[in-house]
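Colleague: Please pick one part of this model and walk me through it closely. I'd like the contact between the chains, and then whatever belongs with it.

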Amino acid sequence: MAVSAEIPVVVRVQRADFDAAAETAALTARNRQIGAIVTFTGLCRDEGGSLAALELEHYPGMAEAEIRRICEAAVERFSLQGIAAIHRFGRMEPGENIVLVIAAAPHRHAAFDGASFVMDYLKTSAPFWKKEHRADGSESGWVDAKDADDRAREKWQR
Amino acid sequence: MTRLVYFAWVRERIGREEEELELPGHVKTAADLLKHLKTLGEEYEVALEHENVIRVAIDQEHVEHGESIEGAREIALFPPMTGG
């Protein structure tokens with residue numbers, strides 16, 4: 001079912017960094033039904049000093065389409081008043097932002113669940129792949145998918 | 001002609017990002033496509049060795065390996081996703 005045109009669904013895949021506060025303000029401006037906003041930001045870790053950078057590859061077109069499908073499902077399921085998901089690609093160093101999810105709802109549980117749902121699906125269904133560049137210059141490698149991420153998604157299917 | 005696109009280590013192992021292929025008539029499903037590609041050369045054999053971990057998208061939507069590829073404009077092959 002299509003999401004109501006009045007509920008903002010903001011999806012962007014971009015190389016540039018994002019500003020969580022500005023995105024939150026833009027998403028929620030003039031909507032007085034919103035009583036709760038949950039903002040999640042995923043960052044690049046340094047893995048105890050061993051990681052120099054991550055390289056994020058994506059499937060242009062499908063990445064946006066898949067994130068939009070996930071966000072629209074979240075609006076429908078949790079009756080959100082707004083959702084935004086911004087995912088970066090390219091090279092990121094420790095401390096840099098990778099992904100932003102903002103879920104707005106009348107009450108907190110829907111906002112927490114909405115943001116969590118979007119992240120759990122995004123990690124296993126949105127076509128992005130991380131390659132690690134090691135700090136010691138040794139050969140870089142692709143990050144393996146984690147079973148824990150599959151389990152996190154499956155909990156929403158029960 | 002069908003356009004194939006590859007990502008992450010599938011792309012690296014096959015050695016190209018995309019290609020256009022004429023697929024034989026017996027290639028009807030995504031699973032058939034994986035088997036067919038593996039006959040095209042060692043690089044495909046290496047990339048697609050563990051068929052069950054390879055994810056397939058037809059026209060930018062995820063599909064199971066049993067899905068028909070009939071009428072597909074673009075088929076993508078890639079490893080399990082690790083974004084977020």
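Modeller: Here is a look at the contact, and then at the elements around it.

Bear in mind that this is a predicted model: local features need pLDDT of at least 70, side-chain atom pairs count only at pLDDT 80 or more, and totals for chains, interfaces and linings use all residues. Residues are numbered from 1 along each chain as its sequence is written, while chains are lettered from A and ligands numbered from 1 in the order in which they are written. The scores are ipTM 0.96 and pTM 0.94.

On to the contact: 21 residues of chain A touch 14 of chain B, where contact means C-beta atoms, placed from the backbone, within 7 Å. On the chain A side, helix H2 (62-78), helix H3 (108-125) and strand E7 (128-134) each give two or more residues. Helices (H or I, at least four residues) and strands (E, at least two) are DSSP runs, numbered from the N terminus. H3(A) gives the most, with five residues. By class, that side has 13 nonpolar, five polar and three charged residues; Ala, Val, Leu, Ile, Met, Phe, Trp, Tyr, Cys and Pro count as nonpolar, Asp, Glu, Lys and Arg as charged, and the others, Gly among them, as polar.

Now H2(A). Its 17 residues should span 24 Å at 1.5 Å a residue, and the end C-alpha atoms are 24 Å apart, so the two agree; the expected span is 1.5 Å times one less than the number of residues. Buried residues in H2(A) include A:Met62, A:Ile70 and A:Phe78, buried meaning 20 or more other C-beta atoms within 10 Å of a residue's own (exposed is 12 or fewer, partly exposed in between), with C-beta atoms placed from the backbone. Just after H2(A), A:Ser79 takes a positive phi of about 50 degrees.

E7(A), meanwhile, sits in an open four-stranded sheet in the order E5-E3-E7-E8 of chain A, with antiparallel pairing; strands pair if DSSP finds at least two bridges between them. E5 (90-92) and E8 (141-142) of chain A are the edge strands, each pairing on one side only. E7(A) and E8(A) pair over two bridges, and A:Lys131 has A:Trp142 in E8(A) as its bridge partner.

Methods:
Contact = placed C-beta atoms within 7 Å.
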